Amino acid sequence: MLKKIKSFVSFFLIPALILSVFQAVDLHSVFADEPADSSQTSIYVNTEWPSYPSIYAEAGVLIDAASGTVLYEKNCHNQMYPASITKIMTTMLALEYGNLSDMVEFSHYSVYSLESGAAHVSMDQGELLSLNDCLYAIMLASANEVSNAVAEYIAKKQPEYEKRIAELDAAGQEYNESVVAIQVFADMMNSRAVQCGAQNTHFCNPNGLFDENHYTTCYDMAMITREAIKNDQFLKVESQLTYTLPTTNLKTETQPIANRHKMLFPLNAVYYDGILGGKTGYVDQSGNTLVTFARRNGMTLISVVMKSNSQNVYNDTKLLLDYGFNNFSLTNISQNETNFTPSNGSSIFSEDSSLIQISPDDYAVLPNSITLEQCSSNLTFSEENPDVFARLEYKLGDRTVGSATLIVNKEENNHFNFGPKIEEETKKEPADNEYITINLWVVLAVVVIILVLLVILYFLKTTRISRKRHRRNKRNKYR
């Protein structure tokens with residue numbers, strides 16, 4: 001019933017939003033003899049997207065972190081093997097479910113299940129390392145045994161792990177606790193990937209070592225990274241150039257490690273100004289994979305390239321990042337929305353008097369020569385979240401460039417004014433030769449109220465008739 005009511009109200013609010021453009025229309029301005037302001041006339045908009053750079057990698061994508069807008073893509077939805085960029089997801093889950101001061105114990109499986117040549121930091125069975133230290137080993141040194149140990153640590157804290165162990169015990173089946181834990185963690189990875197916006201991803205392990213059923217796409221990894229970098233601790237780990245692993249219960253010497261992402265180092269030839277972090281990856285089947293995120297002029301971009309090689313992977317990344325920073329800029333939607341602004345200059349979503357407001361945290365990313373008012377917008381009502389009224393999606397041609405959430409202004413909810421505020425000192429009687437100002441919001445409000453009352457009366461009448469028929473049929477039944 002609530003959904004029906006909201007749908008009914010939304011049906012009448014659509015024309016309300018359209019008519020709001022004409023809120024408090026002054027008929028004198030409509031029929032005035034003065035020539036129209038040329039700045040209000042339609043102009044030709046060139047929706048051509050900046051030309052793509054040419055990259056060597058088989059697949060690549062560049063997105064804006066704030067809006068999720070895809071600025072560049074090459075086979076970005078093709079399923080490919082990710083290798084160690086998988087560890088971005090592993091680290092994100094560890095930060096979300098773990099405690100950095102907890103000690104992680106290395107099992108026999110986590111250490112000795114690695115294939116020959118896999119990256120590691122020489123941890124041994126029974127060794128203890130804090131989760132905080134583990135994350136640096138994973139993201140900087142790409143340590144595969146550490147990824148396994150962290151996955152086991154996280155999974156064994158979950159009810160799903162206990163459930164599976166209980167089921168195996170009840171069935172009398174033999175099992176390896178570490179293998180069960182890795183499977184549970186892989187399920188967590190896949191579930192979290194979907195929440196991030198991934199569409200074609202399936203993880204089997206926490207480190208990215210080759211498995212034909214372990215795959216993702218450039219787009220999915222960009223969306224996963226977009227979510228991961230919202231965590232300040234993740235950014236702290238990622239930005240570190242070097243780190244020293246401490247002594248442990250089995251080691252008396254510390255171990256220095258260094259970040260494998262070359263673009264982070266100022267003295268390296270491929271250093272990139274504004275870089276925040278990233279993750280390298282390589283197995284024979286995947287070729288070189290690389291995730292990189294950088295920030296310039298208030299805009300954070302995420303680059304993902306897959307199936308490249310060691311000679312081109314960094315150049316591909318530089319080409320994508322330069323393309324983004326040189327051709328696009330970020331626009332705050334709440335500060336620049338004009339499609340729903342009446343001629344009096346006061347937006348129907350203004351912060352001081354509007355019942356519905358645009359979230360101040362939503363952005364669109366646009367070519368430097370384009371403004372938000374040159375984009376088309378589409379309004380979609382929401383029925384899932386009571387605090388989210390609707391969403392505005394912006395397109396430039398056929399490309400989505402951003403979206404904004406319309407939220408209910410709780411402060412104005414109880415005293416919203418249908419129309420502009422009129423200051424006492426500005427009120428005056430209209431002169432004989434002046435035209436009357438019509439407030440269409442008031443007219444629309446009256447119409448909506450009448451229609452709502454008619455619908456309520458219709459439902460009451462229908463219910464009353466239905467009850468009478470029910471009683472009549474019941475009496476006839478026993479005659």
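This report describes a sheet, a helix packed on it, a tyrosine and several salt bridges in a predicted model.

## The five-stranded sheet

Five strands make up an open sheet, arranged in the order β3-β2-β10-β9-β8 with antiparallel pairing. The edges are held by β3 (70-74) and β8 (275-283); each has a single partner strand, so one side of each lacks a neighbour in the sheet. On average, neighbouring strands are turned by 5° against each other, direction ignored.

Within this sheet, β2 (residues 59-64) and β10 (residues 299-308) are joined in the antiparallel sense over six bridges. V61 has V304 of β10 as its bridge partner.

## Helix α11 on the sheet

Helix α11 (residues 313-327) packs on the sheet and touches β2, β3, β8, β9 (287-296) and β10. The direction of α11 makes about 150° with that of β10. The 15 residues of α11 should span 21 Å at 1.5 Å a residue, and the 22 Å between its end C-alpha atoms agrees with this.

The buried residues of α11 include V313, Y314, L320, L321, Y323 and F325. The buried residues of the helix pack against β2, β3, β8, β9, β10 and β11 (328-332).

## Tyrosine 52

Y52 belongs to the loop between α2 (27-31) and β2. With a relative accessibility of 35%, Y52 counts as partly exposed. Beyond its neighbours within four places in sequence, Y52 is in contact with L71, Y72, E73, Y323 and R399.

Y52 and Y323 are 271 residues apart in sequence, yet their C-alpha atoms are 7.6 Å apart in space. The side chains of Y52 and R399 are joined by a polar contact of 3.2 Å.

## Salt bridges

The model has nine salt bridges. In one of them, the side chains of K251 and E127 meet at 2.8 Å, N to O. K251 lies in the loop between β6 (242-245) and β7 (255-258), and E127 in the loop between α4 (108-112) and β5 (128-130), so the pair ties together parts 124 residues apart in sequence. K251 is partly exposed at 24% relative accessible area, whereas E127 is buried at 0%.

R164 takes part in two of these pairs: with E160 at 2.9 Å and with D187 at 2.3 Å. E160 and R164 are four residues apart in helix α7 (residues 159-171), about one helical turn. D187 lies in helix α8 (residues 177-196), so its pair with R164 ties together parts 23 residues apart in sequence. Elsewhere, salt bridges with shared partners join E96, R192, E227 and K230 into one network.

Note on methods. Residues numbered from 1 in each chain as written. Predicted model: local features only at pLDDT ≥ 70, side-chain atom pairs only at ≥ 80, totals over all residues. Heavy atoms only, no water. Pairing = 2+ DSSP bridges. Helix = DSSP H or I, 4+ residues; strand = E, 2+ residues; numbered from the N terminus. Axes fitted to C-alpha atoms, helices over the stretch in contact; angles between N-to-C directions. Contact = heavy atoms within 4.5 Å. Expected span 1.5 Å × (residues − 1). Buried < 20%, exposed > 50% of the residue type's maximum accessible area, 1.4 Å probe, protein only. Polar contact = N/O pair within 3.5 Å; in protein donor to acceptor, adjacent residues only side chain to side chain. Salt bridge = Lys/Arg side-chain N within 4 Å of Asp/Glu carboxyl O.
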